Amino acid sequence: PTDAKARAHHVLVNSESQALALVKQITFGEDIRMLAAEHSLCPSKDKGGDLGEFAPGDMAAEFDAFVFDASSPIGVPLG
């Protein structure tokens, strides 16, 4: 078993083009918390997109892979 933990902020949007535009803004120094509050569809937007601390397996598999292994936007089927 691993003791890996992560804490993440995210911005949930409807389209890949919107996600890529937000990634560009973040890359150029925009604050993800402000962007989440303005653009996210997730209730976590009220906390700046903060998902809190979590371990592998606590989130959707695609999200886990991104947080623990990758560095690009992902799409996760949430319904």
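Begin the tour by selecting serine 40, which touches His10, Val11, Leu12, Leu35 and Lys45 when residues up to four places away in sequence are not counted; contact here means heavy atoms within 4.5 Å. The model is a predicted one, in which local features need pLDDT of at least 70 and side-chain atom pairs count only at pLDDT 80 or more, while totals for chains, interfaces and linings use all residues. Residues are numbered from 1 along each chain as its sequence is written, and side-chain values use heavy atoms, with hydrogens and water left out.

Serine 40 sits in the loop between α2 and β2; helices (H or I, at least four residues) and strands (E, at least two) are DSSP runs, numbered from the N terminus. With a relative accessibility of 3%, serine 40 counts as buried, a class that means under 20% relative accessible area, with exposed over 50% and partly exposed in between (1.4 Å probe, protein chains only). Display the side chain of serine 40 together with the backbone of leucine 12, and you will find a polar atom of that side chain 3.0 Å from the backbone nitrogen of leucine 12.

**The whole chain**

Zoom out and colour by secondary structure, which comes to 3 helices and 2 strands, arranged along the sequence in the pattern β-α-α-β-α. Of the 79 residues of the chain, 25% count as buried. Among contacts between residues at least 6 apart in sequence, 55% join residues at least 24 apart.

Now colour by pLDDT, the predictor's confidence in each residue, from 0 to 100. The chain averages 87, and 85% of the residues score at least 70; confidence is highest in α2, at 97, and lowest in α3, at a mean of 83.

**The nonpolar core**

Next, select Val11, Val13, Ala19, Leu22, Leu35 and Ala36, the 6 residues of the largest nonpolar core. Such a core is a set of buried Ala, Val, Leu, Ile, Met, Phe, Trp, Tyr and Cys residues joined through side-chain atoms within 4.5 Å. At least two residues of this core come from each of α1 (16-27) and α2 (32-39). Keep valine 11 selected and show its contacts: apart from neighbours within four places in sequence, valine 11 meets Leu22, Ile32, Leu35, Ala36, His39 and Ser40.

**The two strands**

Move to strand β1 (residues 6-9), where Ala6 and Ala8 form a covered face and Arg7 and His9 an uncovered one. Strands β1 and β2 run antiparallel and are joined by 3 bridges, where pairing requires that DSSP finds at least two bridges between two strands. Selecting arginine 7 leads across to glutamate 53, its bridge partner in β2.

Stay in β2 and select aspartate 50, which has its place in that strand and counts as buried at 13% relative accessibility. A polar atom of the aspartate 50 side chain lies 2.8 Å from the backbone nitrogen of glycine 52. Leaving aside neighbours within four places in sequence, aspartate 50 is in contact with Arg7, Ala8, His9 and Ser44.

Apart from neighbours within four places in sequence, alanine 55 is in contact with Ala4, Lys5, Asp64 and Phe68.

Finally, select Phe54, Phe63 and Phe68, which ring pairs link into a cluster. Rings of Phe, Tyr and Trp (its six-membered ring) pair if their centres lie within 6.5 Å, and planes under 30 degrees apart count as stacked, over 60 as edge-to-face and the rest as tilted. By this rule there are 2 aromatic pairs. Phenylalanine 54 and phenylalanine 63 form a tilted pair, 5.9 Å centre to centre with 45 degrees between the planes. Phenylalanine 54 is buried at a relative accessible area of 2%, and phenylalanine 63 is buried at 12%. Phenylalanine 54 also forms an edge-to-face pair with phenylalanine 68, at 6.1 Å centre to centre and 85 degrees between the planes. Because phenylalanine 54 lies in strand β2 (residues 50-54) and phenylalanine 68 in helix α3 (residues 61-69), this pair ties together parts that are 14 residues apart in sequence. Phenylalanine 68 is partly exposed, with a relative accessible area of 25%.

Methods. Polar contact = N/O pair within 3.5 Å; in protein donor to acceptor, adjacent residues only side chain to side chain.
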